[in-house]
Amino acid sequence: MSVRGITVRGSGISVPDKVVTNADLSATLDTSDEWIRERTGIKERRVGGVTSQLAIEAGRRAIEDAGLQPSDIDVVLLATTTPDALVPATSATVQAGIGIPGGAFDLNAACSGFVYGLVTAAGLAAVGSGRVLLVGAEALSRIVDWDDRTMAVLVGDGAGAVVVEPVDGPGDLISWNLGADGTLRHLLTCDHGGYLFMDGKEVFRRAVRVVVESAQRALSDAGLTASDVDLLVPHQANLRIIQAVCQRLGIPEERAAIVIDRYGNTSSASIPLALDDALRAGRVSAGDHLLLTGFGGGMTWASAVLRWGG
Ligand code: UT7
């Protein structure tokens, strides 16, 4: 059987118009702009909308950016922890909203969801699928207790999407690493009808370790080292986590895509939001090595190494 890989073609995002600054939150919560910026790197976040609506807008933009039509897409793969409803899958709403023929399914791997989705899309390509619209979208504001300062200052809403296109040959995804440890599921939870809870200190401690290990495994499988990484696209949970990961991997912080200051933690949307920002800023050239890496509730973690544009 001939080898089929993937290339990433087209990117788009959608964020709600409403900007909530740290000063806005300080007006109702016992917190401060200084605490939030120093402990997390967040200055403001976008709040509003539902996951399907954000995903539809981001998806349309990605398809347009790729120079394609909705009819050119074969599968909608939506990574989210905040589906519009438990049933049906939100991807079905996205499929109908954009007018895409073919399959649609949701994937929940918390903040690692987009990278899990990328690897899943590559698997679909390998067995003969056409193009996949891969979206990471979240409306985390719907599951946050806005009176709980420990969570309210961290999260934001948004969506990012890419078109994943099958190509002959190995393609751009040159290695990946996925992992989970369900014995740590109590560290980050949200029950039916409940609010997000996180043991922030413990997640922080473990996050740095699992991200570094996962990234190193993916790099080693690609036959690369940290010095080969042109752009690190990390999950945006905390600027201090990104800095610690950069330091431990030996990747200068200037080579990281960072949007947490503007968007806060948007879970599965954070990696595609950061990737899109880097693409629009002209920070990615053909042949560059990109390291995407995330971690989140589960716990889950995921890394992928791409050689951009083959
Ligand atoms: O995306 C999924 C994965 N999520 C993450 O990776 C998040 C990981 N965790 C973190 O980013 C950090 O642990 C937090 C940002 C959540 C918290 O930062 P921290 O440096 O670990 O703070 P802390 O929980 O140790 O709290 C330090 C102090 C405490 O007060 P005392 O005990 O020192 O008096 C907290 O009560 O800060 C207090 N505090 C706050 N103060 C002002 C906690 N939240 C706030 C707040 N505003 N919003």
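Gly 113, Phe 114, Val 115, Tyr 116, Gly 117, Leu 118, Val 119, Ala 121, Ala 122 and Ala 125 are the buried residues of helix H5, where buried means under 20% relative accessible area with a 1.4 Å probe and protein chains only. The model is predicted, so that local features need pLDDT of at least 70 and side-chain atom pairs count only at pLDDT 80 or more, while totals for chains, interfaces and linings use all residues. Residues are numbered from 1 along each chain as its sequence is written, and side-chain values use heavy atoms, leaving out hydrogens and water.

Because 10 of its 14 residues are buried, H5 is largely enclosed by the rest of the structure. This helix (a DSSP run of H or I, at least four residues, numbered from the N terminus) covers residues 113–126 and reaches 20 Å from its first C-alpha to its last, close to the 20 Å expected at 1.5 Å a residue, the expected span being 1.5 Å times one less than the number of residues. After H5 comes Gly 128, with a positive phi near 105°.

The domain assignment, which is automatic or from a database, gives domain 1 (5–167) and domain 2 (173–307). Their contact (heavy atoms within 4.5 Å) takes 48 residues from domain 1 and 43 residues from domain 2. Across this interface the rule finds 1 salt bridge, that is, a side-chain nitrogen of Lys or Arg within 4 Å of a carboxyl oxygen of Asp or Glu. Asp 65 forms a salt bridge with Arg 280, their closest N and O atoms being 3.8 Å apart. To the side of domain 1 that touches domain 2, H5 gives the most, with 7 residues.

Note on methods: Helix = DSSP H or I, 4+ residues; strand = E, 2+ residues; numbered from the N terminus. Buried < 20%, exposed > 50% of the residue type's maximum accessible area, 1.4 Å probe, protein only.
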